[in-house]
Amino acid sequence: MGRVTERRRVIRVRNGAAGARPDTLVAEEPLEIRLNGKPLAITMRTPGDDFALAVGFLVSEGVIGAAPDVRAVTYCEGAAEDGSNTYNVVNVQLAPGVPVPDITLERNVYTTSSCGLCGKASLDAVRTATRFPKRRSAAEDTLRIPARLLGELPDRLRAAQKVFDSTGGLHAAGLFSPEGDLLDVREDVGRHNAVDKIVGRALQAGRLPLEDSVLLVSGRASFELAQKAVMAGIPVLAAVSAPSSLAVDLAVESELTLVGFLRGPNMNIYAGEDRITL
């Protein structure tokens, strides 16, 4: 398996003085995700938690929704020209009886850290495909997060970013309890990959839907991240930067609480403000 970080020579300039030194960089390698042996998607990711990333991606695509839907997840041997295992190709074998989606050229996608979907059709697709639509009535949905507590979460997430400390080049996704306890954290060059790893690990542990949790992401809240939250049954998505207009549209339509520009006591609540107590 590839390493999370790599060393490269760099010329470091400080106050006009230059010198050569090794620098630690975050690793970035392609991961091909196959479904029942057929190529489905390729994403550029930081090696690690590849199986969780693969199944988390399938949750976001509406292919699976629980651990029993997956029969096995394996690295594909012989992926390299010399027949060796590159650990960059993962096959997800669905359990018997789980419907296999039609893998066409339209579905076979190349994913990057900035990719996302757009348009009314995408909103409709998420609404109809999610395994975990809002199941509680207004009276039953008692999840409330104090704004003060929410403002503390970015520092807690940052303190848990171990690889970021050495590279400065990773996004992070953190899953928190309503009380602010950090339940899980993943780092990756792609913020969407970090979220897929969170969701995939929850699926593997039999914890979906994540209906009593807060998802915090470093960076912006794109439509794609809002989509992943909805598909995993997460009720609150917070980001330290701005959301996109389509992310807000999806949050409103899906009753997802969406918070942006979360920086200490300051934040913008774009949807689902009833879950945030001031």
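Student: At what relative accessibility does Arg-275 count as buried?
Tutor: This is a predicted model in which local features need pLDDT of at least 70 and side-chain atom pairs count only at pLDDT 80 or more, while totals for chains, interfaces and linings use all residues. Residues are numbered from 1 along each chain as its sequence is written, and side-chain values use heavy atoms, leaving out hydrogens and water. Buried means under 20% relative accessible area, exposed over 50%, and partly exposed in between (1.4 Å probe, protein chains only). Arg-275 counts as buried, its relative accessibility being 5%.

Student: How far apart are the closest N and O atoms of Asp-188 and Lys-197?
Tutor: Asp-188 and Lys-197 are buried. They form a salt bridge, and the closest N and O atoms are separated by 2.7 Å.

Student: At what angle do the ring planes of Phe-51 and Tyr-75 lie?
Tutor: Rings of Phe, Tyr and Trp (its six-membered ring) pair if their centres lie within 6.5 Å; planes under 30 degrees apart count as stacked, over 60 as edge-to-face and the rest as tilted. Two aromatic pairs are found in the whole structure. The ring centres of Phe-51 and Tyr-75 are 4.9 Å apart, and the pair is tilted because the planes lie at 45°.

Student: How many residues apart in sequence are the parts tied together by Phe-51 and Tyr-75?
Tutor: Phe-51 is partly exposed at 27% relative accessible area, whereas Tyr-75 is buried at 18%. Phe-51 lies in helix 1 (residues 50-60) and Tyr-75 in strand 5 (residues 70-75), so the separation in residues is 24.

Student: Which residues form the one aromatic cluster?
Tutor: Tyr-75 also forms an edge-to-face pair with Tyr-87, 5.0 Å centre to centre and 80° between the planes. Tyr-75 lies in strand 5 and Tyr-87 in the loop between strand 5 and strand 6 (89-94), so this pair ties together parts twelve residues apart in sequence. Tyr-87 is partly exposed, with a relative accessible area of 33%. The cluster is made of Phe-51, Tyr-75 and Tyr-87.

Student: What is the phi of Asn-36 near?
Tutor: Asn-36 is found in the loop between strand 3 (29-35) and strand 4 (38-45). The residue is partly exposed, with a relative accessible area of 27%. Its phi is positive, in a residue other than glycine, and near 55°.

Student: What is the phi of Phe-261 near?
Tutor: Phe-261 has its place in strand 13 (residues 257-263) and counts as partly exposed at 30% relative accessibility. Phe-261 too is a residue other than glycine with a positive phi, here near 50°.

Student: What is the omega of the bond that joins Leu-208 and Pro-209?
Tutor: Pro-209 lies in the loop between helix 5 (191-204) and strand 11 (214-217). The peptide bond between Leu-208 and Pro-209 is cis, with omega about 0°.

Student: What separates the C-alpha atoms of Leu-183 and Ile-198?
Tutor: Leu-183 lies in strand 10 (residues 182-188) and is partly exposed at 47% relative accessibility. Leu-183 and Ile-198 are 15 residues apart along the chain, and their C-alpha atoms are separated by 9.7 Å.

Student: Which residues of helix 7 are buried?
Tutor: Helix 7 spans residues 245-254. Just after helix 7, Glu-255 takes a positive phi of about 60°. The buried residues of helix 7 are Leu-246, Ala-247, Val-248, Leu-250 and Ala-251.

Note on methods: Helices (H or I, at least four residues) and strands (E, at least two) are DSSP runs, numbered from the N terminus. A salt bridge is a side-chain nitrogen of Lys or Arg within 4 Å of a carboxyl oxygen of Asp or Glu.
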